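Please take me through this structure in the viewer, one selection at a time. Tell me what to select next and what I will find there.

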Amino acid sequence: MATEHPHIFLRNMEEAAEFTTPRRGGDQNIPQRPRQAHSVKLRRQWAAIWAKARGQQESRTAVSMPARYGIYVEFEGAPGYDLITKSLEDRRSGIRLLSVYTVHPENAPEQEITRATVFVPTGKEEHFLRKINEFAQKETRKGNPKHATLMQSVEDMRLAVVESFWRDHLDLLPQGTNCAWCEIWLRGTEENAEQHFREIATHLGVEVQSRVLRFPERTVLLGKATREQLTSLIESSSDIAEFRRAKETAGFFLELENKDQTEWVNELHSRLSVNPNARVGVCVLDTGANNGHVLLAPVLADSDCHSVEADWGVNDHRGHGTLMCGVVAYGDLLNALQHNGPIVVGHCLES
């Protein structure tokens with residue numbers, strides 16, 4: 001590969017430019033809506049949310065299941081427009097903004113929809129309803145409808161479901177009766193809230209590991225649950241912030257005995273297919289490479305290992321270049337080790 005094509009050098013390509021923000025502070029992309037019609041729509045949706053929530057709570061109470069003291073609401077902005085998420089939160093009233101994320105609609109993938117999940121305590125349902133009514137009936141000193149920016153930014157709102165809390169690929173969400181280890185993110189870091197959640201999880205039959213991670217305003221636990229159990233956790237706990245699929249870490253493989261690591265490597269090698277006539281070569285400029293490794297030998301030939309100074313030798317004298325060659329050849333090796341499908345490498349390496 002080293003002599004088949006000339007190397008490409010990019011010269012005089014830099015260009016200086018002043019940094020500019022993509023949008024000036026205060027500028028908000030908000031749709032204009034018919035005031036009264038939009039108010040009626042939001043009032044109906046808000047009433048439907050609380051009616052459905054009360055029905056769920058009554059059914060859980062009837063069968064002695066734990067019930068939360070509020071509801072989770074998912075707010076959605078219009079495609080291509082902003083959602084004024086900060087105005088959805090009122091901590092003095094216990095109304096908490098839990099998460100904000102974006103999706104792309106299938107019929108318009110170039111546009112972006114912003115969604116926000118908010119917890120509203122029982123007894124505070126009038127808070128947002130009051131803002132809707134004031135938007136419909138009152139004006140500011142400048143003659144604009146009150147809360148116009150917030151109300152016009154809301155396209156729809158609904159009672160939050162499992163997908164509203166799932167901050168991972170949807171295909172990783174447990175389906176049917178299948179259990180999966182999930183990261184359960186709780187709002188806050190209070191130990192009593194964690195303990196209360198553990199009691200709820202035990203009641204619902206959700207296995208939760210004893211170890212815990214604490215971040216600013218978040219507590220993270222690992223729980224093994226089905227989709228139905230995740231739904232029950234949402235309906236039972238007032239402290240859920242989000243769910244994610246728990247991923248296996250590289251530490252599992254790094255901590256194995258050498259003979260066990262060798263078995264995993266040989267298993268992956270048995271699924272490996274390398275194009276012997278690859279016309280794409282990637283040159284890794286680093287500390288050399290040790291290509292004797294069973295996974296590097298097929299993609300990094302001896303003749304493609306070079307050194308700027310002959311006295312340096314082509315071997316890896318610091319251990320970094322070999323690791324980088326592994327990344328360039330296989331990407332995330334963890335994914336390759338965890339799955340049993342074929343591994344196809346269509347390029348070769350130079351060092």
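This is a predicted model: local features need pLDDT of at least 70, side-chain atom pairs count only at pLDDT 80 or more; totals for chains, interfaces and linings use all residues.

Beyond its neighbours within four places in sequence, Trp46 is in contact with Val73, Phe75, Val120, Glu125, Phe128, Leu129, Ile132 and Met157. Trp46 belongs to the largest nonpolar core, which has 26 residues. Together with Phe75, Phe128 and Met157, Trp46 touches the most other members of that core.

Now colour the elements that give two or more residues to this core: α1 (35-62), β1 (70-77), β3 (113-121), α2 (125-137), α3 (148-153) and β4 (154-159). Which element gives the most? It is α1, with five residues. In soluble globular proteins, nonpolar side chains tend to be buried together.

Next, select Tyr72, Phe197, Val206 and Leu221. These four are among the 24 residues of a second, separate core.

For a contrast, go to the segment before α1, where Ile8 is placed. Ile8 has 74% relative accessibility and counts as exposed, because the cut-off for exposed is over 50%.

Move on to strand β5, residues 180-187. Is this strand largely enclosed or open? Six of its eight residues are buried, so β5 is largely enclosed by the rest of the structure. Show strand β8 (residues 218-225) as well: β5 and β8 pair in the antiparallel sense over eight bridges. Within this pairing, Trp181 has Lys224 of β8 as its bridge partner. Then show strand β9 (residues 240-245), which is antiparallel to β5 and joined to it by five bridges. Here Trp185 stands opposite Glu242.

Glu242 counts as buried, at 8% relative accessibility, whereas Arg244 is partly exposed, at 28%.

The whole structure holds 21 salt bridges. For another of them, select Arg115 and Glu76, whose closest N and O atoms are 2.6 Å apart. This pair links distant parts of the chain, since Arg115 lies in strand β3 and Glu76 in strand β1, 39 residues apart. Arg115 is partly exposed, with a relative accessible area of 22%, while Glu76 is buried at 8%.

Finish at Glu89 and Arg91, whose side chains meet in a salt bridge at 3.5 Å, N to O. Both are partly exposed: Glu89 has a relative accessible area of 25% and Arg91 has 45%.

Key
Residues are numbered from 1 along each chain as its sequence is written. Side-chain values use heavy atoms; hydrogens and water are left out. A nonpolar core is a set of buried Ala, Val, Leu, Ile, Met, Phe, Trp, Tyr and Cys residues joined through side-chain atoms within 4.5 Å. Buried means under 20% relative accessible area, exposed over 50%, partly exposed in between (1.4 Å probe, protein chains only). Helices (H or I, at least four residues) and strands (E, at least two) are DSSP runs, numbered from the N terminus. Contact means heavy atoms within 4.5 Å. Two strands pair if DSSP finds at least two bridges between them. A salt bridge is a side-chain nitrogen of Lys or Arg within 4 Å of a carboxyl oxygen of Asp or Glu.
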